[in-house]
Amino acid sequence: MRKFWHELASPPHFYRLAGRLSPWFGWVAAVLIVGSGWAGLFWAPPDYQQGDAFRIIYVHVPSAWMSLFVYVVMATAAAIGLIWRIKLAHAVAASCAPLGASFTFLALATGSIWGKPMWGTWWEWDARLTSELILLFLYAGYMALRGSIDDTARADRASAVLALVGVVNVPIIHYSVIWWSSLHQGPTVTKLDAPSIAVSMLVPLLTMSFGFMCYFAAVLLARVRGEVLERERNARWVRQYSGLS
Amino acid sequence: MGATIFWFIMMLGDILSMGDYTAYVWSAYGLTLLVLVGNILLARRRHSAARLDLGRRLQAREGER
Amino acid sequence: MTPRRQRMILVGLVLLGVGLAAGFALRAFQENLLYFYSPSEVAAGSAPAGRAFRVGGMVADGSVERAPGSLEVRFVLTDFAHTVPVRYTGVLPDLFREGQGTIARGRLSADGDFIAEEVLAKHDENYMPPEVAQSLVSPPARSE
């Protein structure tokens, strides 16, 4: 077990492993996302109140879930990097940020597109929407902080602290619709009693979410490879592996 | 021929129609696709940029020798 | 104590500190984070007078009256304990209907009516196909 973690944390090993795994995740993600997209648009029945506008949830909800999930991955990687001084963990955290930011942007934008016809407004400063916007700022701040520090080791440490501090926002986003009266509706799928969504509507949502998860894995691994190559540009394995020397 | 194309476009419009919300639904899906594909391209560019930079460095080092 | 252990504790303390700070801050701002008042709170007089605020409740059944030839509409918001009569002129969201959770932003007039500048429909967390919703309202007639 110890050996497994040790190997995983070694850049050349991870670089090779990520290169092998990424396409697999990518293809699974492509099949799932295209299939679920088709099912969400044409196979699932329209909602009794929202009609076809409800189909937007198939891109909105997975994006919103991923925006939180990616942040947790980023903060965990940052904590591991801080505590165990593993450079690879910092590379993973750094690679998470732009992906998490894009999921957050999608959640906000598609939610807005849904909100205009349904709620009657593009944007409201309610607890859920505001805390999700703060998440976008956290990702942006994380990336800006990294960009402003030239020394990689210092950038790693400073941005990891920011990632850790920001993790407090994750439960706030999740519980915002329960703690405060908000315009945004409460949770459907994760509430403790049975989900209040028809099965034919739920299935594409779950497969789409799984597809987003695989997509994240594929793109994250690809990003980490680029990040590792740049960080390790002076290491011997890079010269050997790249076949450039 | 013209009638067939016309009929085909009508059918397509029928299939893609989302009632009153066609523009909203398709713009949400389109935006999502755009961002997902964009992320892949950015990740690829990052990797190839790192490789390119590496190649230049190694060449420079060869030159010194 | 190893340095690693120290760092672990430090990370734990940072998380704990930020969590506590956020908890206290949110508790302090609870009032400001309240997105809307219920009709009961309005009836009890705890809603701000003289400035705009939001009222949220259900549109009472049979209360929607539209003035013919204009966008003016009157309806009653209820939380099944108290009610607030609302007047509004403008376009209503697609989800607006009787029995729907709705939020109106505006101010109370002297005669007790709530003059809304904006009306938003609040969606609940239930999703179902039209046939299912239909069967919930009227159970399908039994064939003898």
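## Which chains touch

Chain B and chain C share no contact, and their closest C-alpha atoms lie 10 Å apart, where a contact means that the C-beta atoms of two residues, placed from the backbone, lie within 7 Å. Of the 2 pairs of chains that touch, chains A and C have the most contacts.

This is a predicted model, in which local features need pLDDT of at least 70 and side-chain atom pairs count only at pLDDT 80 or more, while totals for chains, interfaces and linings use all residues. Residues are numbered from 1 along each chain as its sequence is written, and chains are lettered from A and ligands numbered from 1 in the order in which they are written.

## The side of chain A that touches chain C

Here 36 residues of chain A are in contact with 33 residues of chain C. The largest share of this side of chain A, 4 residues, comes from H3(A); helices are DSSP runs of H or I with at least four residues, strands are runs of E with at least two, and both are numbered from the N terminus.

## The nonpolar core

The largest nonpolar core has 104 residues, and Ile56(A), Met74(A), Ala78(A), Ala93(A) and Cys96(A) touch the most other members. Such a core is a set of buried Ala, Val, Leu, Ile, Met, Phe, Trp, Tyr and Cys residues joined through C-beta atoms within 7 Å, and a residue is buried if 20 or more other C-beta atoms lie within 10 Å of its own.

## Chain C

Chain C has 3 helices and 6 strands, and buried residues make up 23% of its 144 residues.

Notes:
Buried ≥ 20, exposed ≤ 12 C-beta atoms within 10 Å, placed from the backbone.
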